[in-house]
Amino acid sequence: MPLPHVNPPPDISAALPDWTALVSGAGRAALATAEGEVLTLRAEAVADRLRAEGPPLVVHAPSTWRRLGLAPVAAYDLLELFAFVAPAEPAVPTPRGLASALGLEPPRAGLEAAAAALPEIAAALLRRLQTEAHLPRNADAGALAGRMARAGWGWGPLIVETLALAGHGASGSEVAALKVWRRLPEWEEQAAPPPPSAHAVAPHEARTRLAQLVGPEAEQRQGQADFASAASAAFAPRETEGAPHLVLAEAGTGTGKTLGYVAPASLWAERNGAPVWISTFTRHLQRQVETELARLFPDPAERRRRVVLRKGRENYLCLLNFEDAVTNATGGAFNPGAIIPLGLIARWAALTSDGDILGGDLPGWFIEIFGTPTVAALADRRGECIYAACTHWKRCFVEHGIRRAREADLVVANHALVLTQAAWGGLDDATVPTRYVFDEGHHLFDAADAAFSAELSGRMTAELRRWLLGTEGSRARGRGLAVRIGDLVADRPELLTPLEAALTAARALPAPAWPSRLETDGPELTGLEAGRANPAEAFLRALRRQILARLPGAASEDDARTGFSSESDLHPVEPDVIAAADRFGRALARIAEPLGTLMHRLLARLDEDADKLDSASRARIEGLGRTISRRAIDPLTAWQIMLKELAEPPAAPGTRPTHVQFLRLDRGEAGDRDAALLRHWLDPTIPFATTLAAPAHGLLVTSATLRDGGEADPELAWTAAEARVGAGHLPLPAIRAALSSPFDYAARTKAFVVTDVDVGDPAALAAAYRTLFLASGGGALGLFTAIGRLRATYRRIAPALEQAGLPLYAQHVDAMNNATLVDIFRAEEDSCLLGTDAMRDGVDVPGRALRLVVFERVPWPRPDILHRERRIHLSGAKPKSYDDRVARLRLRQAFGRLIRRADDHGVFVLLDRRTPTRLLAAFPPGVTVQRVGLAEAAAETRGFLSA
């Protein structure tokens with residue numbers, strides 16, 4: 001019997017309006033009109049035309065308007081539509097990127113072709129939604145889109161119409177569609193894992209596992225196998241307490257070190273029933289490691305079970321914050337327009353792999369479109385978690401991740417989180433790993449410096465006041481400590497009394513709007529209690545006066561525009577600073593003492609009420625105890641020590657200090673913004689070795705740039721590398737391994753130092769970048785040591801490059817974060833990118849998309865007070881060699897961006913004619929650095945890249 005004929009639903013394309021589409025460049029744009037005409041217009045003409053045409057289709061509205069220098073106007077941003085139709089899916093935020101994500105033919109290069117393609121991209125997105133309307137994830141899409149439409153979202157009516165044509169009109173409650181937390185899975189508690197075994201991984205076993213990972217069809221790399229074999233030594237059983245096995249393995253670019261260490265790490269985890277923590281410094285490499293792990297666990301479900309990415313709590317969507325935001329938006333208490341981003345977040349939250357809202361599968365461009373405050377407010381960035389008292393605790397993304405990490409084989413994290421975990425003796429429980437892999441190990445010194453330093457500033461102390469008292473003087477939500485633990489202390493005087501004492505004393509911390517009073521002269525300002533001085537603000541003003549008295553000169557106009565900091569030595573300390581520090585220290589003690597009492601009495605309930613507390617209540621009390629200690633007691637203790645030391649006599653000149661203390665004044669065009677007393681370890685690898693390395697059983701520290709290639713004595717190069725990771729503070733000597741890059745740098749690269757460009761002349765500097773970028777035909781990365789010079793260069797060269805069909809993007813200029821910029825640069829083969837330090841390290845752009853690196857000047861270390869002390873005391877009496885080593889390692893990192901695969905080829909240009917010859921040893925063996933004029937460098941670049 002023949003099946004009855006069923007008419008397919010009408011295609012939404014027929015119902016779409018005649019679009020106007022806009023794609024912007026630097027000061028100009030291509031406008032595709034509804035009549036099919038494509039115009040190239042200057043920025044001022046675009047504004048006039050849009051007033052007549054109405055809202056256009058765009059990709060990344062904030063970047064569109066910024067590039068044109070225009071105030072934002074209404075537009076249909078295709079990225080917003082993509083976020084609704086394809087939540088938690090990646091897409092490069094360009095017309096070509098969206099077309100590729102949708103399986104469309106990418107438009108040709110040029111603004112005009114891109115503008116002409118936008119209507120088809122819009123139609124393709126809506127057709128996909130129509131086709132997928134029956135999927136469970138779209139059950140409430142119509143209701144949600146309807147609510148977003150009533151909030152002013154231009155795409156809302158079209159989405160509602162699209163779903164209606166598919167037979168899935170708006171049904172259900174609009175508000176219920178936003179309450180995604182009701183539809184998320186709950187975690188289930190598991191028994192605590194047993195302690196790990198201590199089975200070793202033999203070198204030949206690591207090689208065998210590596211061969212399985214790369215597969216029989218892959219090219220076998222001897223260096224990668226040797227690396228895996230050497231790395232296995234970090235997984236040998238520890239023989240003596242406090243004496244871990246430390247392997248330092250330098251692996252040249254192209255060795256394949258990621259799979260090289262995954263092989264023994266995964267084998268050890270399987271055998272011993274405990275996770276290995278893999279730590280990276282940059283987010284770029286973290287994403288790369290995650291991608292490589294798909295080879296180990298091809299099945300997504302198994303990979304999710306056995307591999308976990310861990311970040312700090314502040315990176316994840318807090319469902320309680322999200323519920324509060326939905327309540328406020330739907331009730332109209334704050335901003336009904338917030339429903340638009342909240343609706344898209346609701347779509348994403350239902351499908352996200354882990355709830356990472358600041359770097360996971362929520363695209364980076366989402367934050368750029370809706371603003372950092374909107375998205376950041378949805379994470380727990382202020383330590384306000386109430387743990388088991390939260391109605392969403394069983395669905396919490398963070399709690400899911402904690403439990404998955406306990407059972408995982410591999411946990412991928414970052415240096416900052418791993419060091420914090422070690423310092424605290426665990427993150428969210430008492431679990432501390434025994435095996436670590438530190439990739440990008442050349443950053444360990446800086447990561448430890450940040451993790452183990454202390455800052456006593458207006459910003460930090462004001463944040464503690466907000467954490468204790470809640471948000472004051474506004475309707476913004478901010479839960480104070482009394483709100484978070486009120487039910488635990490109610491009717492318990494032994495808990496309520498110290499809580500009230502601490503909150504009363506907290507009013508000695510900077511009051512709201514404190515920055516506006518930082519520059520106030522005259523008598524001390526009163527705090528919130530009439531007639532009582534605010535000791536924190538008085539101390540900050542005293543610091544500022546001392547800093548200003550010691551400054552050598554005024555800041556440049558560029559510094560004032562970009563924001564800058566001025567530093568001064570602490571000693572000799574002015575008498576008014578000592579007096580203010582004494583009063584402030586006593587005020588901090590009045591906060592710390594009752595908080596300590598509260599914490600200890602709260603934790604005592606775990607024993608006293610053991611027969612009454614359920615597991616959720618116990619977990620909540622334990623969590624609150626950790627939070628009070630970490631957010632309040634720990635910093636208060638450090639600040640009191642710092643203040644007390646101000647009254648002590650300074651060490652004799654030339655004495656090697658354990659800590660370096662100095663003052664900093666944060667400044668800007670509008671005035672001084674903050675004053676700070678800072679305390680750093682002279683050698684931060686000492687606390688790294690004490691808190692993390694010594695308790696561990698094995699560590700692998702690896703990088704392509706552990707050693708300084710300019711050091712004539714290989715032993716001295718290794719000794720310096722060991723000092724940068726704290727190997728000398730451990731009982732056992734480090735196991736050393738060095739694997740050369742398999743790349744033929746001599747044949748695949750050229751390197752030049754340009755001798756006739758004055759990098760101090762903005763016009764000459766910009767001309768050099770323009771000339772070289774045009775010579776390479778794009779695919780160029782321009783690196784800068786100063787944000788101001790980057791911005792000035794961008795303004796001068798962007799129009800010419802755009803005219804030549806080479807899109808130019810820039811960190812600190814485009815309304816995009818670094819990850820988004822790199823994604824665009826990687827996808828747009830002829831684009832150019834300007835950046836600073838973050839682009840120099842950890843960026844992986846293989847192929848023709850990166851064929852030229854231009855460095856503005858030698859990346860000398862910043863000559864600040866901390867560097868001054870380290871070059872004196874950590875240089876082995878060779879301070880100039882210390883500076884050279886830092887510069888050479890940075891040049892090695894920059895050069896390492898150029899060749900990522902065996903078939904890559906490219907050119908490296910350093911524009912600083914003052915470059916000392918001794919720094920050129922930073923480049924790989926076989927690379928001959930030529931000193932030439934700009935014209936010759938451009939001609940050589942053009943010829944080499946076109947060959």
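Reader: How many salt bridges does a search of the whole structure find?

Author: The search turns up 66 salt bridges. Bear in mind that this is a predicted model, where local features need pLDDT of at least 70, side-chain atom pairs count only at pLDDT 80 or more, and totals for chains, interfaces and linings use all residues. Residues are numbered from 1 along each chain as its sequence is written, and side-chain values use heavy atoms, with hydrogens and water left out.

Reader: What makes Glu270 and Arg209 a salt bridge?

Author: The term asks for a side-chain nitrogen of Lys or Arg within 4 Å of a carboxyl oxygen of Asp or Glu. Here the closest N and O atoms are 2.9 Å apart, so the pair qualifies. Glu270 sits in helix α11 (residues 257–272) and Arg209 in helix α9 (residues 203–214), so the bridge ties together parts 61 residues apart in sequence. Helices here are DSSP runs of H or I, at least four residues, numbered from the N terminus.

Reader: Why is Arg209 called buried, and Glu270 partly exposed?

Author: Buried means under 20% relative accessible area, exposed over 50%, and partly exposed in between (1.4 Å probe, protein chains only). Arg209 comes in at 12%, so buried it is. Glu270 has 35%, so it counts as partly exposed.

Reader: How do you know that Glu869 and Arg868 form a salt bridge?

Author: Their side chains meet at 3.0 Å, N to O, so they pass the cut-off. Glu869 is buried at 15%, while Arg868 is partly exposed at 32%.

Reader: Which residues are linked in a network of salt bridges?

Author: Glu189, Arg313, Glu399, Arg403 and Arg406.

Conventions:
Helix = DSSP H or I, 4+ residues; strand = E, 2+ residues; numbered from the N terminus.
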